[in-house]
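Here are my notes on this one, as numbered points. Have the model open while you read.

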Amino acid sequence: PQDGEELSLALYNYEHSNYTFKADLSNFGENMTVYLNDNYTNSLTELDNGLNHIDFSVDSSIPESIAMTRFSISFENTTLSITDENFENFSVYPNPVANQQFTIQTSHLAGEDVDLKLFNISGQIVMLQSLKLNSNGALNVQSNQLSSGVYILELTQGKQSFKEKLIIK
């Protein structure tokens with residue numbers, strides 16, 4: 001799929017009032033965000049990587065509710081942005097990294113596992129780890145397998161994510 005592309009779904013012959021969309025995006029690229037568009041309710045639902053279940057209902061007395069062109073799928077290219085408004089009070093230090101170790105400090109994540117991805121400037125994943133926050137709300141990361149360069153650091157926990165530029169000396 002291309003950025004901005006939209007695929008119309010033709011649904012008709014409704015026999016019930018309640019339905020569930022099932023969409024499996026397990027093998028979908030990470031640089032594309034996929035949405036289910038409901039033209040009747042004017043809503044967008046972001047679909048996650050993996051299996052998605054989206055419930056919807058129809059009312060046969062409302063033509064727009066049972067319209068064949070009610071739903072579509074759209075695609076948005078996801079670039080490796082540097083900031084995310086969901087997170088404040090995040091710090092990555094030292095940055096630039098000189099001693100093959102850096103720390104991520106935050107008060108916004110719970111003690112559960114945090115997924116860390118490090119992308120090179122071409123968008124390829126060069127590091128993937130699942131880490132736990134220590135008692136101070138920090139993550140200590142070893143970067144000894146990385147060469148000098150500019151990277152994009154992405155932290156994910158549940159539906160929250162944070163991206164930051166990281167420089168390795």
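1. Start with Asp38, which sits opposite Phe71 of strand 6. Strands here are DSSP runs (E, at least two residues), numbered from the N terminus. Before going further: this is a predicted model, where local features need pLDDT of at least 70 and side-chain atom pairs count only at pLDDT 80 or more, while totals for chains, interfaces and linings use all residues. Numbering runs from 1 along each chain as its sequence is written, and side-chain values use heavy atoms, with hydrogens and water left out.

2. Strand 3 (residues 32-38) and strand 6 (residues 71-77) run antiparallel and are joined by seven bridges. Strands count as paired if DSSP finds at least two bridges between them. The two belong to an open, antiparallel sheet of four strands in the order 1-6-3-4. Its edges are strand 1 (6-8) and strand 4 (43-47), each pairing on one side only. From one strand to the next, the twist averages 25 degrees (axes are lines fitted to C-alpha atoms, with angles from 0 to 180 degrees between N-to-C directions).

3. Phe71 turns up again in the aromatics: ring pairs link Tyr14, Tyr19, Phe21, Phe56 and Phe71 into a cluster. The rule is that rings of Phe, Tyr and Trp (its six-membered ring) pair if their centres lie within 6.5 Å; planes under 30 degrees apart are stacked, over 60 edge-to-face, and the rest tilted. That gives five aromatic pairs. Tyr14 and Tyr19 are edge-to-face, because their planes are at 65 degrees, with ring centres 5.3 Å apart.

4. What about Tyr19 and Phe56? Their ring centres are 5.6 Å apart and the planes lie at 20 degrees, so this pair is stacked. Tyr19 is in strand 2 (residues 18-24) and Phe56 in strand 5 (residues 51-57), so the pair ties together parts 37 residues apart in sequence. Phe56 is buried at 11% relative accessibility, while Tyr19 is partly exposed at 23% (buried is under 20% relative accessible area, exposed over 50%, partly exposed in between; 1.4 Å probe, protein chains only).

5. Now the nonpolar cores (sets of buried Ala, Val, Leu, Ile, Met, Phe, Trp, Tyr and Cys joined through side-chain atoms within 4.5 Å). The largest has 20 residues, of which Phe102, Ile104, Leu116 and Leu155 touch the most other members. Among the strands supplying at least two residues each are strand 8 (101-105) and strand 13 (160-168). Another core, of twelve residues, lies apart from it and includes Leu25, Val34, Leu47 and Ile73.
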